[in-house]
Amino acid sequence: MQIKKLNNDSTAMKALYFPKEPNSIANNKNIKNAVCNNKYIQSIAENEDVLVRFIPKDKDFIQHLLILDIVDLSTKQTKKSMWFSSRIYGKFANISPEAFIDKISQHLDRFLKKSFWQKLFPKNPHQTEYFNYQEVSPLKDDEFLLSRDLIKENNALKEAENERRKLNTQIIDTI
């Protein structure tokens, strides 16, 4: 576990934690620096402990994925999972990992402008030309999947998120 402390206040001790997993960003200095230098991510880590995971786009994965898990170390619980994924199609599909992370400046509560993507994904108000944002919960249904009658996929997604949160608990035990 590699730790980047963003707050020297000995009472707060909030930090970004980079779990050592296969192909993790803990082993990629450029991506790790992009995460640590992102002002939005820094502002979250000032008040919360955050587990950071990044999956770069490659031949098997068609978009970048940054997951920020806000955790409570005292209760060993994941309080909130924030997922940022790069656009699958469109002008910025080939954005570098560092540039993608640099574009994440906030989660979004609304569309910035009318676009083709708003028509294609009308129920996703958290999308810009650079990234999609979603809060993921093991208890919450995915409205996009349910609107297309994909009940099995919705349940599989909730189960996968529940398993990922169990893994977070194991990681917290090592901190």
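I began with strand pairing in this predicted model, and found that strand β2 (residues 15-18) and strand β3 (residues 49-55) run parallel and are joined by two bridges. Looking for the partner of Y17, I found that L51 of β3 bridges to Y17.

I then checked which way the side chains of β2 point: A15 and Y17 face one way, L16 and F18 face the other, and all of them are buried. I noted beside this that side chains in a regular strand alternate between the two faces of the sheet.

Next I looked up the nonpolar cores, and the largest has 24 residues, with L16, L66, L68, F84 and F100 making the most contacts inside it. Among the elements that each supply at least two residues of this core are β2, α1, β3, β4 (65-72) and α3 (97-103). Another core, of six residues, lies apart from it and includes A15, L51, I171 and I172.

At the start of α1, a side-chain oxygen of N28 comes within 3.2 Å of the backbone nitrogen of N30.

Of the contacts between residues at least 6 apart in sequence, 52% join residues at least 24 apart.

Definitions and conventions: Residues numbered from 1 in each chain as written. Predicted model: local features only at pLDDT ≥ 70, side-chain atom pairs only at ≥ 80, totals over all residues. Heavy atoms only, no water. Polar contact = N/O pair within 3.5 Å; in protein donor to acceptor, adjacent residues only side chain to side chain. Helix = DSSP H or I, 4+ residues; strand = E, 2+ residues; numbered from the N terminus. Buried < 20%, exposed > 50% of the residue type's maximum accessible area, 1.4 Å probe, protein only. Pairing = 2+ DSSP bridges. Core = buried A, V, L, I, M, F, W, Y, C linked by side-chain atoms within 4.5 Å. Contact = heavy atoms within 4.5 Å.
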